[in-house]
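This report concerns the interfaces of a predicted model. The sequence and structure are shown first.

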Amino acid sequence: MYKQECYKIFTRKSLYFAFLLFVLFMVILPGGSTPIIQTDEYQTLYEEWRGPLSRTEIDLANQKLEELQNRIDQEMEQTEDLEVVFPPQSIEEQAAFRVYSSVASIGRYIDSFQQRKEDLQEATRGSTTTAYESEEARLELNMLNELGQPFGFYNTTAWGNTVDFINVFAFIILTILIVLGLSPVFADEHSQKSISLIRSTKHGKRKIVTTKILASCTYIVSLFVTLHIINVALEVRKFGALMDGTVPLQNLFLFIQSPFSLTIWQYYAIALGIQFFASLVIGLLVLFLSIVTRNGMLTFFISGAVIGTPFLFRQLGIDQPFIQYVTQFSYAELMRVKGLFDQFVAFPLFDQPVLYPVLLISTFLLVAILTMYLIYHQYKNQQIMN
Amino acid sequence: MRLTIEKISKTFKDKQAVTTFSAELTEGVYALLGPNGAGKTTLMRMLADIMKPSSGRILLDDKDISLMGDHYRDILGYLPQEFGLYKNFNAIRFLSYFASLKGLDKEKAKTRVEEVLKLVNLQKDRKRKLRTYSGGMKRRLGIAQALLNDPKILIVDEPTAGLDPQERVRFRNLLSEIAGDRIVLLSTHIVTDIEYIAKEVLLMRQGELIQRSTIEKLLESVEEKVWKCSVEQGALSQLQKSYKVGNIQRAESGIEIRIVSDVKPMPNALSVSPTLEDVYLYFFEKEAEENV
């Protein structure tokens, strides 16, 4: 039964067509290593500066950057050709500019990080905050203290792209393909008029549901694994290798404010796990709607609306408190993962701050259990009218 | 084995599809006869456990089938009036799928699939994609699927619709062969399908059981009520308005017609032996006219 249920899903040509289209899009997508990073000049400087940064090193980088900037300014003043806004720089200068400006930026992150800790220290004293706010500040401060000083100069571009893929393209591609692939799982039995045959069989009311869920999970696993393997392969092809995966997560631009003590590699593994869990939860939602609506197309659009609307709210920047709650506790946010880890967010639960990722994952665990129950319940009690 | 239908009713919003239907069925073939909209399909769906009665209950050997669940469906074979097949599947894949749904183990399923394919004469086409099947072949595959688990209760809704005469005879004989130790309930419009095999006929109209009898008794009930006579073309329409007119056949002497009537319709009318078609006409004349 399981084999045939898989066969029903995996023989749908539209899924392969959509998947290939997305892969093609990923292949032709611009991006990759900027040419200067590939040069020997940059690599020499990079090796020289790579690693955790001391205040002296940051000051030195700032000084060198200023000198370089002054030299460029002078050259600009001396040039007679008014059409040339930026005079041509040597490879050495470009490489140096890139390295020093990166180090200088990291210096600013470190300053902000220290400032944040001081602000939190102040908040924990509770002179201007409520008891809950103090508790929340204490939690964040503890997390930041545990981090130590996470910033350094590393080449994390490849990891940055790989991790960001989860947040943007994997979210879109997986969602579309899961909704597209699973919408007909129950609905098609009605449109093909095979439901009467199935439901009158021994296992047609309960085991069939388990089998269809398992087949759907198989589809999700195949899709998920294939998509992420293709992405990693494409990133490796662009950058040569995924370097500096063992450095703290805060060295990725998207996560400079993250309070979580994770390496990039650890975060990637966790993010994949959460996105996989989200894919399963979305899969269950689609299966449930497929039973209720008895129509594949309707399931596709309702699922799309349920998942896409909060994402749209976020993209449009709608910041009403209720909408924000809806957005934060949406399928889309779970699927994108980034929002769970890129900054400190906690919610009060019995007057105690609970971390957003913990609360969101717990919520969706309950949602998954409830959806599973509803799937069995709804299917078992469904009556065939036509 | 005893299947008891105990005062079951089914209501859809504002329509009463089945009204306090009661019957007790034991081993043998039962024919459910009635015009379109009589509630046959709804009754069969309730018996197939895919629809719940609004009231009443169905018992198998005194056990409520809604409580028996899997155990009831384990001994059930059902062929609905309308059903679809998976276009990408071939007959073997389709039947193997249903064999697993019916709880047959792999080895038994393999043997049984071959057996039922042979029963419905589809062995040669067993590897063809179902999208290439004709209507009759699909029907035969449906019958094969209903027989897969060697059901003790077989419910078939219009099983011979779309079958050619040869296949219809083949199916009739098949039902006759297997009916000895099981309950078979079949609905049909084609009365010749049940003429020789039905143990009893259940006549349904507007959701109600109006008559339950053996074929012999049904035929007896219209004895001396079936007439054959020759008429001229001009008189035909007047006769059709006044009597239940069955077969109309052109002959050298004019038109030979069959009339079902309590009284002799014409002086030259001859009383003839009734058939099940005459019985149908006698009980459902109004509906038969509407269907025409």
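**Chain B against chain A**

In this predicted model, 32 residues of chain B are in contact with 27 residues of chain A. B:Ile50, B:Arg73 and B:Leu101 together provide 22% of the area that chain B buries against chain A, more than any other three residues. Two salt bridges are counted between the chains; the side chains of A:Lys205 and B:Asp49 form a salt bridge at 3.4 Å, N to O. On the side of chain B that touches chain A, strand E1 (3-12), helix H3 (70-74), strand E6 (76-79) and helix H4 (91-101) each contribute at least two residues. H4(B) gives the most, with seven residues. By class, this side of chain B has 15 nonpolar, six polar and eleven charged residues.

**Domain 1 against domain 2 of chain A**

Chain A is divided into domain 1 (2-33 + 155-385) and domain 2 (51-153), and their centres, taken over C-alpha atoms, are 36 Å apart. Contact involves 17 residues of domain 1 and 13 residues of domain 2. A:Pro259, A:Phe344 and A:Pro353 supply 36% of the area that domain 1 buries against domain 2, more than any other three residues. The side of domain 1 of chain A that touches domain 2 comprises eleven nonpolar, five polar and one charged residues. Zero salt bridges are found across this interface.

**Values for the two interfaces**

| Interface | Buried area | Carbon and sulfur share | Residue pairs in polar contact |
|---|---|---|---|
| Domain 1 and domain 2 of chain A | about 1,400 Å² | 69% | two pairs |

Key:
Residues are numbered from 1 along each chain as its sequence is written. Chains are lettered from A and ligands numbered from 1 in the order in which they are written. This is a predicted model: local features need pLDDT of at least 70, side-chain atom pairs count only at pLDDT 80 or more; totals for chains, interfaces and linings use all residues. Side-chain values use heavy atoms; hydrogens and water are left out. Contact means heavy atoms within 4.5 Å. Buried area is the accessible area (1.4 Å probe) that two parts lose on being put together, summed over both. A salt bridge is a side-chain nitrogen of Lys or Arg within 4 Å of a carboxyl oxygen of Asp or Glu. Helices (H or I, at least four residues) and strands (E, at least two) are DSSP runs, numbered from the N terminus. Ala, Val, Leu, Ile, Met, Phe, Trp, Tyr, Cys and Pro count as nonpolar, Asp, Glu, Lys and Arg as charged, and the others, Gly among them, as polar. Domain bounds come from an automatic or database domain assignment. A polar contact is a pair of N or O atoms within 3.5 Å; within protein, one must be able to donate a hydrogen and the other to accept it, and residues adjacent in sequence count only if both atoms are side-chain atoms.
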